[in-house]
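Here is a short tour of a protein chain and the ligand it surrounds. Have the viewer open as you read, and turn the model as each part comes up.

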Amino acid sequence: MTIKKGRFNPRKPLYFVYIAFIVMIKNIASNPQLKKIPTFVAYRAFSKASGFEKKLTYSIVNTASKRGYAAKQPPKLTSETYSYVKRDEKYKKLTTEDIEHFKNILGKKGSLITDEVASDLDFYNEDWMRKYKGQSKLVLKPTTTEQVAQIIKYCNEQNLAVCPQGGNTGLVGGSIPVFDEIILSVSNLNKIRSFDNVSGILKCDAGVILESADEYIKENGNYIFPLDLGAKGSCHVGGVVATNAGGLRLLRYGSLHGSVLGLEVVLPNGEIMNSMHSLRKDNTGYDLKQLFIGSEGTIGIITGVSILCPPRPNAFHVSFLGVESYEMVQKVFQKAKNELGEVLSAFEFMDGKSLQLTKSHITSPEPLEEEYPFYVLIETSGSNAEHDSAKLEAFLSSAFEEELVLDGTVSTNESEAKNLWSWREMIPESSAAGGGVYKYDVSLPLKDLYSLVDAVNEKLEAAGLSSVTDESKPVISAIGYGHVGDGNLHLNVAVRTYTKEVEKCLEPFVYEFVSSKKGSVSAEHGLGFQKKNYIGYSKSEQEIKMIKQLKNIYDPKGILNPYKYV
Ligand SMILES: Cc1cc2nc3c(=O)[nH]c(=O)nc-3n(C[C@H](O)[C@H](O)[C@H](O)COP(=O)(O)OP(=O)(O)OC[C@H]3O[C@@H](n4cnc5c(N)ncnc54)[C@H](O)[C@@H]3O)c2cc1C
C-alpha cells in the first residue's frame, strides 16, 4: 500500500503526515472493508507574515470588480419577463427640468449619467445574474450626504421613484429598477471617515468597497472586517448593511445586527438621521439603526456606517475534505464545533455536483484526486499558530480514524489555501456559466438542509425539464452548497436558459418546502424583487402588517425601491 501524494506536496515530511499515515494504516488494518485512502494530508500553520490573508482575495472578486456577469446572454426587461407587474402611474416621468435640477445639485461632471449613450446605463440597469433588467434613464452619483438628502427631498416632492444602488452585486433583483426609477448610486460616497485602532471602530461612507475597508483596517491596526463574501471586491459596506449580508465569517463574528454600532441614513423625505454612534451599549430608546439593517433600500438611503471590527487572527488554516453523505457532513460539523471550538472560523459544504460544475468552469488544481458525494471546507483562525495547528491535527486525525472523512488535504501555503477557497467561492459563478441560475438561499434546520436539493432535482426530472447531458432541456441540474455552520443552504438551479416553465416548477414549490420545515425563504440575499410575493412563507400576517406600517410611516409616498420587498 502506498500513500497517493496529492498536489499539495509539502517540501518536507511533517509530523501530521506521519500521524495521518499511522491512522490510515490502523484503519486499514482494522477494517478490511475500507477502500478509501486519504489522498494526502499535509499541514503547516500560516502566520501573519506569510501574507495569507491578503492573497485570500481571489478570482471571483476580481471578476466582479471588472463587472463579470454570471450569465453570457443579456437579460430581458423585467417588465416583459414579469408582465403582471405594471408601472404605477402615481410616479412622475422624468423631465428635462428634473435633470437640470439634479445637475445643479451635483455640479461635478461624471456624477450624472443619462441615456444619451444608452449603453452607459447598462451596468446600472442589469443585475449580476442577468436575470433582471430595468429601464432607468438616469443614474445619480452624489458625493456627499447633503447631496443625497437634496436629491431625495426633491424626488419626494415630485413623486419620482428611486432605486438605491450599492455595488450592484445583490442576487434578488433589489438593486435594479423595474421600470424607469432613477438610480441613486452611492459609489461616489467612498471615504473612510475614521478608524480607532484601540477600539476597532470603523466609520466610513456607505459606498466604500468591502474589500477596501478590510484592507484599510488591516493596514491601520491589524483588524478584520466582521463579514466576508465572494463579491467583496465589488459590494459596498452600505450595501451589505442594507441587505444584512451573512457570508463566510458569520459563524465566527455573528450578524451585522450585532457588529453595526450606528448608521447615517437619508430618510425618504430628505431628512438626515445621524446615529453614527461608537457605543456598544446604549439602552436609550428604540434601537433605530436595526430598522435599516436588511431594509434593502426601502425606508432610507444609508450614507454612513459605524462598525465594530475584531482583531485580525494571526494564523489561518484551510482544509478540504471528501465525505460520504450529508449525514456525515453533519457529524463532521458537530465534531468540528466540539474539538476546534473557538478557532473554527468557517465550515462550508458543497455537494459533488457543485464541484463538477466548478471543475468545468475553472482551471485551478483540483483539491482531491477522487470524486466524493460531498465536500467540506474548514477554516480555522486564531492568535496562536502552534495551538491552532495542534487542535486541527488532533481533529483531522480522529475524523479519519472514526471514518467520518474519506479523503482530505490541508494547504501548506497561501496559494494552496487560496486555491482551496476558490473551489467553494467559484460555485455561484460556475453554476451560472451554462446560461443562467435560479438562486435560492434558505435557512433550514440542519437535519433537513440537503433534502431540499433532492426534492428539487426529483421535481425537475419528473417534469422532464432537467438533464446534465441533453442540451434540449432547460435545466442542467440543481446543486446545493452553503454555510452549514449557519444552517444556510444555497440551492442553485443551473439552467441553459431562463424559462417561465422552470420558474413555475420551482416557485412556489421551494418556498412551500422551506415553510413546511419552519425555515426562512431568505437566509441572506433578502427579498428584493424575486421574493416580494413570498414573504408570507416566512413571516406571519401580523409581522407583515407591521412591516408595511413601518414602510408607510417612513415612506408614505412609496418613492424608495417600489415593486419590491413587501
Ligand atoms: C459572487 C457573489 C457572492 C455572494 N455571496 C454572498 C454571501 O456569501 N452572503 C450574502 O449574504 N450575500 C452574498 N451575495 C449577495 C449580497 O447580497 C451582495 O453581495 C451584497 O450584500 C450587496 O451589496 P451591494 O453593495 O452590491 O448592494 P446592491 O446589490 O447594490 O444592493 C442590494 C440591495 O441593497 C440596497 N442598497 C444598496 N446600497 C444601499 C444603500 N447605501 N442604502 C440603502 N439601500 C442600499 C439596494 O437597493 C438593493 O435592494 C453574493 C453576491 C455575489 C455576486
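## A strand and its buried glutamate

A strand here is a DSSP run of E, at least two residues long, and strands are numbered from the N terminus. Strand β7 covers residues 260-266, and E264 is found in it. Keep in mind that this is a predicted model.

Is E264 buried or exposed? A residue counts as buried if 20 or more other C-beta atoms lie within 10 Å of its own. E264 has 26 such atoms within 10 Å, so E264 is buried. Leaving aside neighbours within four places in sequence, the contacts of E264 are T145, I272, N274, M276, T303 and G304. T303 is 39 residues away from E264 along the chain, yet their C-alpha atoms are separated by 5.5 Å.

## The chain as a whole

Stepping back, the protein chain has 566 residues, and 52% of them count as buried. Its secondary structure comprises 21 helices and 16 strands.

## Around the ligand

The ligand is surrounded by 37 residues, and the closest are G166, G170, G174, G239 and G297. Which element gives the most? That is α9, with five residues.

By residue class, the shell around the ligand holds 16 nonpolar, 19 polar and two charged residues.

## Two helix pairs

Two packed helices are described by the angle between their axes and the distance between the axes. Take α13 (residues 326-340) and α15 (residues 385-401) to begin with: their axes are 10 Å apart, at an angle of about 150 degrees. Angles over 145 degrees count as roughly antiparallel, and α13 and α15 are therefore roughly antiparallel to each other. Their crossing is right-handed. On the α13 side, the contact involves V332, K335, A336, E339 and L340, which meet K391, L392, A394, F395 and A399 of α15. The residues of this contact divide into seven nonpolar, no polar and three charged.

Now turn to α5 (residues 96-106) and α7 (residues 145-158), whose axes come within 10 Å and cross at roughly 160 degrees. α5 and α7 are therefore roughly antiparallel to each other, and the crossing of α5 and α7 is right-handed. Here D98, H101, F102, I105 and L106 of α5 meet Q147, Q150, I151, Y154 and Q158 of α7. Which residue classes make up this contact? It has five nonpolar residues, four polar and one charged.

## Backbone details to check

Most residues other than glycine have a negative phi, and most peptide bonds are trans. With that in mind, look at N244, a residue other than glycine with a positive phi near 50 degrees. N244 is found in the loop between α9 and α10 (250-253). With 21 other C-beta atoms within 10 Å, N244 is buried.

E296 also calls for a look: its phi is near 50 degrees, a positive value in a residue other than glycine. E296 is found in the loop between α12 (289-292) and β9, and E296 is buried, with 24 other C-beta atoms within 10 Å. For the peptide bonds, go to E507 and P508, which are joined by a cis peptide bond with omega of about 10 degrees. P508 lies in the loop between α19 (500-506) and α20 (509-516).

## An exposed loop residue

One more stop is A118, in the loop between β1 (112-114) and α6 (122-125). Is A118 buried or exposed? A118 has 10 C-beta neighbours inside 10 Å, so A118 counts as exposed. A118 and K137, 19 residues apart in sequence, are 8.2 Å apart in space, C-alpha to C-alpha.

Definitions and conventions
Residues are numbered from 1 along each chain as its sequence is written. This is a predicted model: local features need pLDDT of at least 70, side-chain atom pairs count only at pLDDT 80 or more; totals for chains, interfaces and linings use all residues. A residue is near a molecule or strand if its C-beta atom, placed from the backbone, lies within 6 Å of it. Helices (H or I, at least four residues) and strands (E, at least two) are DSSP runs, numbered from the N terminus. Ala, Val, Leu, Ile, Met, Phe, Trp, Tyr, Cys and Pro count as nonpolar, Asp, Glu, Lys and Arg as charged, and the others, Gly among them, as polar. A residue is buried if 20 or more other C-beta atoms lie within 10 Å of its own, exposed if 12 or fewer, and partly exposed in between; C-beta atoms are placed from the backbone. Axes are lines fitted to C-alpha atoms, for helices over the stretch in contact, and angles run from 0 to 180 degrees between N-to-C directions. Angles under 35 degrees count as roughly parallel, over 145 as roughly antiparallel, 65 to 115 as roughly perpendicular and the rest as oblique. A crossing is left-handed if the near helix is turned anticlockwise from the far one by less than a right angle, and right-handed if clockwise. Two residues are in contact if their C-beta atoms, placed from the backbone, lie within 7 Å.
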